[in-house]
Amino acid sequence: MSLTLARRAQRIEPFYVMEMAKRAAEVARASAGGDAPMIYLNIGEPDFTAPPLVQEAAERAIRAGRTQYTQAPGLPELRERISAWYAQRFGVQVPARRIVVTAGASAALQLACLALIDAGDEVLMPDPSYPCNRQFVAAADGVPVMIPATAAERFQLSADKVEAAWGPRTRGVMLASPSNPTGTSIAPDELRRIHDVVRARNGVTFVDEIYLGLSHDPRYGQTALALDENVISINSFSKYFCMTGWRLGWLVVPESLVNAVEMLAQHLFICASTVSQFAALACFEPDSLAEYERRRAEFKARRDFFVPALEAAGLHVPVQPDGAFYAWADCTAAARKLGVSGSWDFAEAVMQRAHLAITPGRDFGQHETAQYIRFSTASSMAQLHTAADRLKALLA
């Protein structure tokens, strides 16, 4: 018996980042024991783990039996600490009652889409952008509308483009600042103009701020929540707080939406991991925050080394990433040197010949993405030096 997939499942595209990761694992197994073990610069996961105070808090919660369900919006004390972090870090007052703790940023995106997108609603987003964002829109039976974003625009949308693309079925925009895959942010003034366009049309501004804590330029490291309470902000403990596998994130919504989001969360997830929530309380201790800032400086140092190294190897990065831990590089000339065409074949060639796993651009949209490669600089400086040496030798 063959079961028929639902149409929404048939519409979901492969997550090529993970497909390439599987391919890299195959190549690594086949070459195990060689002189050049595989280096993975393909997945955006910090090499740092949760700092000691966070690990100890998780252990205490387990030993004390604090492992039962929490309220769907999360531990009240965790929501309070997130609220205090916004005030301390960004100077923005975000009441705890507007914060919903979720099972990772993925759950936050799903809840936001299910609460606000109806079947057939269109959501504008930049091309390139993180592939899962458009899949969350599609899973809510919405229609992601990809708008080409150029290097001159920092690979971000502009108010003019949003206004020009707005149609009768448009529900809103979904932005990311800093962005995956480019590591670029939207200038605050331009973000305000975009939000003004959306608000004038009674639309919704979704902003993925998962990498906001890893901003490296004070011009851009500001939360969209400073605009007004109608911005929907998605955030995570995975990147800045280095808790990827703990599956913990949060969503900030207007007060009028909290009850609806809470009911959806009750049915879909009950709550985020209780142990992870108790652990995350320790993220906001002074010693933990100091460690996170040290790590942020390390991520910046890695960027400052690796982007020039890519340029020296012939991989042009047209826009300096101001946050996150990615480099979005044009591989057109480098692919020609290797006798291949496009970033997919280039990534395969680099994997085979230099044992370096990287991510081709096809995951992130269609506008010129076939000529771009995403490098993750979340690996150690030692690995980045080795990767740069291998690229230089391969492309000499």
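These legends go with a handful of close-up views of a predicted model.

**View 1. Helix α11, end to end.** Start with helix α11, which covers residues 286-312. With 27 residues at 1.5 Å a residue, α11 should span 39 Å, and its end C-alpha atoms are 40 Å apart, so the two values agree. Just past α11 comes G314, which takes a positive phi of about 95°.

**View 2. The buried side of the story for α11.** Which residues of α11 are buried? They are S288, L289, Y292, R295, F299, R302, R303, F306, V307, A309 and L310.

**View 3. α11 alongside α14.** The axes of α11 and α14 come within 10 Å and cross at roughly 5°. An angle under 35 degrees counts as roughly parallel, and therefore α11 and α14 are roughly parallel to each other. On the α11 side of the contact, look for E298, A301, R302, F305, F306, A309 and L310. On the α14 side, they meet M381, L384, H385, A387, A388 and L391. Sort the residues of this contact by type and you get ten nonpolar, one polar and two charged.

View 4. P128 sits in the stretch between β3 (122-127) and α6 (131-139). The other bond to look at runs from S177 to P178; this one is cis too, and its omega is near -5°. You'll find P178 in the loop that links β5 (170-176) with α8 (188-200).

**View 5. F155, a positive phi in a residue that isn't glycine.** F155 has a positive phi of about 60°. The loop holding F155 runs between β4 (143-148) and α7 (159-165). Is F155 buried or exposed? F155 is buried, because its relative accessible area is 4%, and buried means under 20%.

**View 6. I270, also with a positive phi.** For I270, a residue other than glycine, phi is near 65°. I270 belongs to the loop between α9 (255-268) and α10 (274-281). How does I270 count in terms of accessibility? At 35% relative accessibility, I270 is partly exposed, since that label goes to values between the 20% and 50% cut-offs.

Methods: Residues numbered from 1 in each chain as written. Predicted model: local features only at pLDDT ≥ 70, side-chain atom pairs only at ≥ 80, totals over all residues. Heavy atoms only, no water. Helix = DSSP H or I, 4+ residues; strand = E, 2+ residues; numbered from the N terminus. Expected span 1.5 Å × (residues − 1). Buried < 20%, exposed > 50% of the residue type's maximum accessible area, 1.4 Å probe, protein only. Axes fitted to C-alpha atoms, helices over the stretch in contact; angles between N-to-C directions. Parallel < 35°, antiparallel > 145°, perpendicular 65-115°, else oblique. Contact = heavy atoms within 4.5 Å. Nonpolar A, V, L, I, M, F, W, Y, C, P; charged D, E, K, R; others polar.
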